[in-house]
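The sequence and structure come first, followed by the notes.

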Amino acid sequence: MQSDRRWLAAAARLGSRGRPQSRPNPAVGAIVVKDGKVVGRGWTQPGGRPHGEAMALAQAGEHARGATVYVSLEPCAHKSDRGPACSAILVQSGAARVVYAIRDPDHRTSGAGAQTLIDAGIRTEHIQCNEADHSLAGYICKAARGRPHVTLKLAMSLDGFIARTDGESQWITGEIARQHVHSRRAMADAILVGGGTWRKDRPRLDVRLNGLEDRSPQRVVLTRGVPIDGVKIINEPSQIASLDEVQYVYLEGGGQAAASFMREGLVDRIEIYRAPILLGAGIPALGDFGLDALVDAHGQWKMTERRMLGSDTYEAYERANETPHAGE
C-alpha cells in the first residue's frame with residue numbers, strides 16, 4: 001500500500017500541472033505502471049479535455065495491457081460530446097488494475113466509474129492520499145461546501161507587519177519570494193483584494209513570469225464601491241460562491257479583507273512569506289477577526305510546508321480538520 005500511495009502522490013502532482021487551465025473540470029493526474037516502470041502519464045488538458053487518464057493511456061499504448069493505472073480522482077463514467085468516459089477507455093485498454101485516490105463527488109460518476117471497472121473484471125482499489133486531497137482541494141471544496149477553496153497570502157516582517165505606518169510596503173520580501181507569489185497566482189482562478197488596497201495601490205494582480213503571463217487570474221475586489229472596469233466586484237466574502245468557474249481563490253489582502261474572510265471561516269490555507277526585517281510599528285498583516293479566547297486559537301492550523309526563498313521564509317498552513325470528501 002505504501003508503494004501505491006507513492007504512485008498516487010506522483011499522479012496527484014502531475015494533475016496539479018493542469019491548474020487552472022482545466023477549469024471547470026478538475027485537474028486530474030494519471031500514471032500507468034507496468035513491471036515497476038512508468039509507461040504512460042498524463043494530466044487534464046486546457047479546457048478540461050482530454051482527461052488525465054486518456055493522455056496517460058494514449059502514451060502507454062499497448063503497454064497498458066496488464067498494467068496498473070494510478071489516478072488522483074475516480075475515472076469518470078458519464079458520456080460527453082467532448083470525449084468518451086475514462087472508465088470505458090480503461091476497460092478497452094486492457095489494464096489489470098486501477099487505483100484511485102478520491103471518489104468523484106459528481107453524481108454522474110460517483111461510484112459508477114469504479115463499478116464500471118469492477119464489472120469489467122478490473123481489480124479496482126480506492127486508497128486515500130494526502131497529495132491528491134491537496135491537488136484537488138478546489139474541486140472538492142466546491143462540491144462539498146459550494147464555494148471555492150481560499151488561500152490567504154501574507155507577506156510580512158518578523159514582527160507581523162505588511163507595511164510601514166505610512167503605507168510603504170514595496171518591498172517587504174525579496175525577489176525570489178515575489179517570483180514564488182507569481183507562481184502561486186498562476187495556479188489560481190481568481191485573485192482577490194480588499195477595496196482599500198485596490199484604491200490605495202491599484203495593484204496589477206497579474207502573473208509576471210516569463211511564459212506564464214497568460215495564466216493571470218480573474219481579478220476580484222471586495223468592496224461596496226462602484227463597479228470597476230475589468231474587475232469583478234463582490235460585497236461580502238460569501239459571494240465568492242457566485243464566481244463563475246472558480247475553484248481556487250488567492251486572497252492577497254489587505255488586513256481587513258483577510259480578517260473578514262477569517263471571520264466567516266472561509267480561509268482554507270494560509271501562505272506566509274516572512275522577511276528577516278523588523279519594522280517596530282506598521283500596518284498589521286491581519287485585522288481583528290473576532291477571536292473570543294486564546295484557547296480557541298489553538299489546534300486550528302497545521303504546518304504543511306516550510307522552505308527558504310532566498311533570505312525569506314515561506315510557510316504554508318492548512319486547517320487542522322480533515323479536507324471534506326464530498327460524495328463519500
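Which residue forms a salt bridge with K153? The partner is E252, with the closest N and O atoms 3.3 Å apart; a salt bridge here is a side-chain nitrogen of Lys or Arg within 4 Å of a carboxyl oxygen of Asp or Glu. The model is predicted: local features need pLDDT of at least 70 and side-chain atom pairs count only at pLDDT 80 or more, while totals for chains, interfaces and linings use all residues. Residues are numbered from 1 along each chain as its sequence is written, and side-chain values use heavy atoms, with hydrogens and water left out.

**Sheet**

- Eight strands form an open sheet with mixed pairing, in the order β10-β9-β8-β11-β6-β12-β15-β14. Strands (E, at least two residues) and helices (H or I, at least four residues) are DSSP runs numbered from the N terminus, and two strands pair if DSSP finds at least two bridges between them.
- The edges are β10 (232-234) and β14 (301-309); each has a single partner strand, so one side of each is left without a neighbour in the sheet.
- On average, neighbouring strands of this sheet are turned by 25° against each other, direction ignored. Axes are lines fitted to C-alpha atoms, for helices over the stretch in contact, and angles run from 0 to 180 degrees between N-to-C directions.
- Strands β8 (residues 190-194) and β11 (residues 248-253) run parallel and are joined by 4 bridges. I191 stands opposite Y250 in β11.

**Helices across the sheet**

- Helix α7 (residues 175-185) lies across β6 (149-156), β8, β11, β12 (269-274), β14 and β15 (312-319), at about 160° to β12. Contact means heavy atoms within 4.5 Å.
- Helix α9 (residues 255-263) lies across β6, β8, β9 (218-222), β11 and β14, and runs at about 135° to β11.

**Salt bridges**

- The count comes to 21 salt bridges.
- One of them joins R145 and D268, whose closest N and O atoms are 3.0 Å apart. This pair links distant parts of the chain, 123 residues apart: R145 is in helix α6 (residues 137-145) and D268 in the loop between α9 and β12.
- R145 is partly exposed, with a relative accessible area of 36%, whereas D268 is buried at 8%. Buried means under 20% relative accessible area, exposed over 50%, and partly exposed in between (1.4 Å probe, protein chains only).
- In the K153 and E252 salt bridge, K153 lies in strand β6 and E252 in strand β11, so the pair ties together parts that are 99 residues apart in sequence. Both K153 and E252 are buried.
- R269 and E318 meet through their side chains in a salt bridge of 2.7 Å, N to O. R269 is in strand β12 and E318 in strand β15, 49 residues apart; both residues are buried.

**A buried arginine without a salt bridge**

- R49 is found in the loop between β2 (37-43) and α2 (52-60).
- R49 is buried yet has no salt bridge, and the nearest side chain of opposite charge, E53, is 8.1 Å away. Lys and Arg count as positive and Asp and Glu as negative; His and the chain ends are not counted.
- The R49 side chain makes a polar contact with the side chain of H51 at 3.4 Å, and reaches the backbone oxygen of P84 at 3.3 Å. A polar contact is a pair of N or O atoms within 3.5 Å; within protein, one must be able to donate a hydrogen and the other to accept it, and residues adjacent in sequence count only if both atoms are side-chain atoms.
- Not counting residues up to four places away in sequence, R49 touches S80, R82, G83 and P84.
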